[in-house]
Amino acid sequence: MPASAPTRRWEIDALRGLMLVLMTVTHLPSRLSSPLGQPFGYVSAAEGFVLLSAYMAGMVYGRIAWRRGVAEMRSAFWRRALKIYACQAATLLFLFTVIAFIGLRFDQPAATNLMAYYLQQPVTALVYGLALVYSPPLLDILPLYILFMLASPWVMVLAWRHGWAPVMAVSVGLWVLAQFGLSLAAFNAIASVVPIPVPYSETGSFDTWGWQLLWVLGLWMGATRNDPQAPPFVFPTWAVRAALAFALVCLVWRHGIGQVPFGSNTSLNAIFDKWSLGPLRLINLFALVLLTLHYGPRLAARTPRLRWLETLGAASLPVFCAHLVVVLLVLALLGADQDRPLGLDIPLLIGCFVVLHAVARISLWVDRPPDDRTGPDTQPSALHESTTPPPPPAKPVGSATKAAAAPGAGGLPGGAAV
C-alpha cells in the first residue's frame, strides 16, 4: 500500500501554539491578562483549541481506522485518553500538595480559593477528583478531553455506518438542551440514584453537553478529510462577507465594552456565555474560523514561520500541563494581582515562556510525536473488525451545513494526534 510521506504541517502546530500562548497569558496574572483575554471577539483560546484538537483527532485516528481497522483506532483513542488522565491526576496531586502547602504557608487566597472544597473535604475531593467528578478551576478542561476521547470511537463508528448528518443532529440537539440546563438536570438525576457528595458547582465550569458540539463538529471535519474524494470546503462570497461583518462587530464590541458584553445583565450575557457555549459565542467562533479557512492559506504563504510557536503546538499536552504548573505557582507565591509593575510582569512572562519552550523541546526529544501523514490513502483497510473492505467514508453533510458549520473545514491541513 503506498503511503504518503510523513510530514508535519507547521500551520497546525503554529495555531495550537498560538492557542497555548493566549491561554497562558490569560491565566497568568499580569497587565496583559485582561487585554489579551478573548482578543479576537467573544471567543477564547479554549474554543479554538478544542475544535482544532477534535479536527486532528478525527483525521489522525480516523486514518488509523481507515488503514488498520476500528479496533486499532479504539485502542489508540483509549491510550491517548489514559495519557491525558495521567497528566490530569499528576496536576491534581500537585495542586493538593505543593500548591496547598505554599498557599496556606503564605496565606494566599488566590491559591486557596482554587481548592476551597478540597480544604474542607480533602478525602472526598481527592477521591472524586481522581474520578473526574470534582474539577477545581483551571483543572477542568482535561476531564472534558478525557470524556470526549473515550466517546469518540463510538461517535465515529456510528457516523461511518449511518452518516454524519444524524450524528450532528443529535449533537446540535444536546447543545440546545444544554442551554436550558441539561447538565444540571443530568447531574441531579444521577445523584438521585448514586449519591454524589460533590456539589454540582464543584464539577467544573465547562458544560459537557454544550461543548460536545465543538468536539463532534471537529471530528466530522477531520474524519471526512480521509475520503480521497472529499472536496475542499469553499465558502460563497456572501458567507465570507457575513462572517467578516459579524467578526468585526464582535471585535469592536469586545474591546470597546469589555469581556462582558452586556455588563450586569445576566440574561443577555447568557447568549455569549463561555461555559455553556452560548449561541452568539458559537456564531462568533464560526465566523472567525470561516475567515481563517478562507484567508489563511494566503496569509500562511506570506507569513514568516514562527518556529517557537510550532514547537509549543507540537508538544501541546505537556506544554498545557506545564503552563498550569507555572500559573499555580505564581498564584500561590504572588497572588492574582494584575497591577504589578512592568518590571516584574515582563520578566515573569519571559521566564514562563522560556520554561514552556524548554518543556516542549524536551518532550519532543523524549517522546517523538505520532506520524503526521496528511495525504489520503489510496488503499484503505477495513473500518470494521472484519477484513471486508469498507465503502469510502461518508461524504460531508450538505453544502448548506458546510457554510454554517465552517470550523475545521477542508482548508485545514493535517496535524498530529491530540
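Mentor: Start with a term: buried means under 20% relative accessible area, exposed over 50%, and partly exposed in between, using a 1.4 Å probe and protein chains only. This is a predicted model, in which local features need pLDDT of at least 70, side-chain atom pairs count only at pLDDT 80 or more, and totals for chains, interfaces and linings use all residues. Residues are numbered from 1 along each chain as its sequence is written, and side-chain values use heavy atoms, with hydrogens and water left out.

Trainee: OK, then L334: is it buried, partly exposed or exposed?

Mentor: L334 counts as partly exposed, at 39% relative accessibility. It is found in helix α15; helices (H or I, at least four residues) and strands (E, at least two) are DSSP runs, numbered from the N terminus.

Trainee: What is L334 in contact with?

Mentor: Contact means heavy atoms within 4.5 Å. Leaving aside neighbours within four places in sequence, L334 touches Q108 and R340. L334 and F106 are 228 residues apart in sequence, yet 9.4 Å apart in space, C-alpha to C-alpha.

Trainee: And what sits over the ring of F106?

Mentor: The charged end of R105, 5.9 Å from the ring centre. The rule for a charge over a ring is NZ of Lys or CZ of Arg within 6 Å of the ring centre and within 35 degrees of the ring normal. R74 also lies over a ring face, that of W154, at 5.6 Å from the ring centre.

Trainee: How many aromatic pairs are there?

Mentor: Rings of Phe, Tyr and Trp (its six-membered ring) pair if their centres lie within 6.5 Å; planes under 30 degrees apart are stacked, over 60 edge-to-face, and the rest tilted. That rule gives 16 aromatic pairs. In one of them, W78 and W154 have ring centres 5.9 Å apart and planes at 35°, so the pair is tilted.

Trainee: Where do W78 and W154 lie?

Mentor: W78 is in helix α3 (residues 70-105) and W154 in helix α7 (residues 142-162), so the pair ties together parts 76 residues apart in sequence. W78 is partly exposed at 39% relative accessibility, and W154 is partly exposed at 47%.

Trainee: Which kind of pair do W253 and F262 make, and why?

Mentor: Their ring centres are 5.1 Å apart and their planes at 90°, so the pair is edge-to-face. W253 and F262 form one aromatic cluster with Y42 and F272.

Trainee: New topic. How many residues of α14 are buried?

Mentor: In helix α14 (residues 307-314), 6 of its 8 residues are buried. These are L309, E310, T311, L312, G313 and A314. They pack against α1 (10-27), α15 (316-334) and α16 (342-366).

Trainee: At what angle do α1 and α14 pack?

Mentor: About 85°, with their axes 6 Å apart. Axes are lines fitted to C-alpha atoms, for helices over the stretch in contact, and angles run from 0 to 180 degrees between N-to-C directions. Under 35 degrees counts as roughly parallel, over 145 as roughly antiparallel, 65 to 115 as roughly perpendicular and the rest as oblique. That makes α1 roughly perpendicular to α14.

Trainee: Last one: where is S30?

Mentor: S30 is in the loop between α1 and α2 (45-68). It is buried, with a relative accessible area of 0%. Leaving aside neighbours within four places in sequence, S30 is in contact with Q338, R340, D345 and L349.
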